[in-house]
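Please examine the sequence and the model before reading on.

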Amino acid sequence: MMILLLFILAALLGALLLSAAIVVWLGEVAMPLHCALLIVGLFYVAMALVVYYGWLRGAIERLHNRLDVVYKVSAAFDMVYRRVLAFVSQLFKGI
């Protein structure tokens, strides 16, 4: 598990350094620095949207459906508990 975490951190660091290098290169070769930052930022926003709509959205919906089932079962158990508690309190009310 630790190796996976280190790999993910290394990949993120590599992406960060690559992004900085692309921004500096675009800033020197083609355009002002703020335009280069905007272009690289828009690329990452587009990539994030593709990842979200392509993979992450379905996973979040599946997790939401599972949690909805857990909530319904929990509500059913709570209702049964309250009814049993009311029955027991009615049973021992006269004692």
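Is Ser19 buried or exposed? Ser19 counts as buried, because its relative accessibility is 11%; buried means under 20% relative accessible area, exposed over 50%, and partly exposed in between, with a 1.4 Å probe and protein chains only.

## Basis of the report

This is a predicted model, in which local features need pLDDT of at least 70 and side-chain atom pairs count only at pLDDT 80 or more, while totals for chains, interfaces and linings use all residues. Residues are numbered from 1 along each chain as its sequence is written, and side-chain values use heavy atoms, with hydrogens and water left out.

## The helix pair

Two packed helices are described by the angle between their axes and the distance between the axes. Here, helix α1 covers residues 2–29 and helix α2 covers residues 33–91. Helices are DSSP runs (H or I, at least four residues), numbered from the N terminus. The axes of α1 and α2 come within 8 Å and cross at roughly 140°. Axes are lines fitted to C-alpha atoms, for helices over the stretch in contact, and angles run from 0 to 180 degrees between N-to-C directions.

## The contact between the helices

In α1, the residues that meet α2 are Ala15, Ser19, Ile22, Val23, Leu26 and Gly27. Their partners in α2 are Leu33, Ala36, Leu37, Ile39, Val40 and Tyr44. Contact means heavy atoms within 4.5 Å. The residues of this contact divide into 10 nonpolar, 2 polar and no charged. Ala, Val, Leu, Ile, Met, Phe, Trp, Tyr, Cys and Pro count as nonpolar, Asp, Glu, Lys and Arg as charged, and the others, Gly among them, as polar.

Ser19 lies in helix α1. Leaving aside neighbours within four places in sequence, Ser19 is in contact with Val40 and Tyr44. The side chains of Ser19 and Tyr44 are joined by a polar contact of 2.4 Å. A polar contact is a pair of N or O atoms within 3.5 Å; within protein, one must be able to donate a hydrogen and the other to accept it, and residues adjacent in sequence count only if both atoms are side-chain atoms.

## Two exposed residues

Trp25, in helix α1, is exposed, with a relative accessible area of 52%. Tyr53, in helix α2, is exposed at 53%.
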